[in-house]
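Load the model and keep the selection panel open. Each stop below says what to select and what is there.

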Amino acid sequence: MPALLLLAVVVVVGFEKFAEWQYGTLSAVGLLLIAVGVKAKSPTCAGIGAVVIAMQVTGPTA
């Protein structure tokens with residue numbers, strides 16, 4: 001069980017670093033909001049995180 005948990009943490013942190021590198025710090029905040037919303041069973045928080053990420057991905061590249 002600890003090995004599976006460690007693998008999950010490595011994958012999540014790696015994806016978060018990739019998103020931060022690709023789309024900026026705001027996308028990492030969006031991922032954090034989604035994770036907190038899912039953990040707290042708050043669809044509002046998860047929805048805000050999804051909107052933040054969607055705005056980052058579809059926004060103009062500068």
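Elements here are DSSP runs, numbered from the N terminus: helices are H or I with at least four residues, strands are E with at least two. Lys41 is a residue other than glycine, yet its phi is positive. The residue sits in the loop between α2 and α3 (43-58). Is Lys41 buried or exposed? Lys41 is exposed because its relative accessible area is 74%; the cut-offs are under 20% for buried, over 50% for exposed and partly exposed in between, with a 1.4 Å probe and protein chains only.

This is a predicted model, in which local features need pLDDT of at least 70 and side-chain atom pairs count only at pLDDT 80 or more, while totals for chains, interfaces and linings use all residues. Residues are numbered from 1 along each chain as its sequence is written, and side-chain values use heavy atoms, with hydrogens and water left out.

**Whole chain**

Zoom out. The protein chain has three helices and zero strands. From the N terminus the order is α-α-α. The C-alpha trace spans about 40 × 25 × 15 Å along its principal axes. Of the 62 residues, 16% are buried.

**Helix α1**

Select 2-23, which is α1. This helix has 22 residues and reaches 31 Å from first C-alpha to last. The expected span is close, at 32 Å; that figure is 1.5 Å times one less than the number of residues. Now colour by accessibility. How many residues of α1 are buried? The count is one among the 22, and α1 is hardly covered. Step just past the end of α1 to Gly24, where phi is positive at about 100°.

**Helix α2**

Select 25-39 for α2. The helix holds 15 residues and spans 21 Å from first C-alpha to last, close to the expected 21 Å. Its buried residues are Ser27, Ala28, Gly30, Leu31 and Gly37. What covers them? The cover includes α1 and α3. Keep one rule in mind as you look along the helix: an α-helix has 3.6 residues a turn, so residues three or four places apart point the same way.

**Where α1 meets α2**

Show both helices. Their axes come within 6 Å and cross at roughly 145°. The axes are lines fitted to C-alpha atoms, for helices over the stretch in contact, and angles run from 0 to 180 degrees between N-to-C directions. Select Phe15, Glu16, Ala19, Glu20 and Tyr23 on the α1 side, then Thr25, Ser27, Ala28 and Leu31 on the α2 side. Contact means heavy atoms within 4.5 Å. By class, these contact residues are five nonpolar, two polar and two charged. Nonpolar covers Ala, Val, Leu, Ile, Met, Phe, Trp, Tyr, Cys and Pro; charged covers Asp, Glu, Lys and Arg; the others, Gly among them, are polar.

Start with Ser27, in helix α2. Ser27 counts as buried because its relative accessibility is 3%. Beyond its neighbours within four places in sequence, Ser27 contacts Ala19, Glu20, Ile53 and Gln56.

Next, Ile34, also in α2. Ile34 counts as partly exposed because its relative accessibility is 27%. Residues up to four places away aside, Ile34 touches Ala46, Gly49, Ala50 and Ile53.

Then Ala35, in helix α2. At 45% relative accessibility, Ala35 is partly exposed. Its C-alpha is 13 Å from that of Ile53, 18 residues away along the chain.

**The largest pocket**

Last stop. Select Val12, Phe15, Glu16, Leu31, Leu32, Ile34, Ala35 and Lys39, the lining of the largest pocket. A pocket is an open set of points on a 1 Å grid over the protein atoms alone, where a 1.4 Å probe fits, with protein on both sides within 12 Å along at least five of seven lines; lining residues have an atom within 4 Å of a point. Which elements give two or more residues to this lining? They are α1 and α2. α2 gives the most, with five residues. The lining has six nonpolar, no polar and two charged residues. The space inside is about 240 Å³, a volume filled by probe spheres set on points joined across faces, edges and corners.
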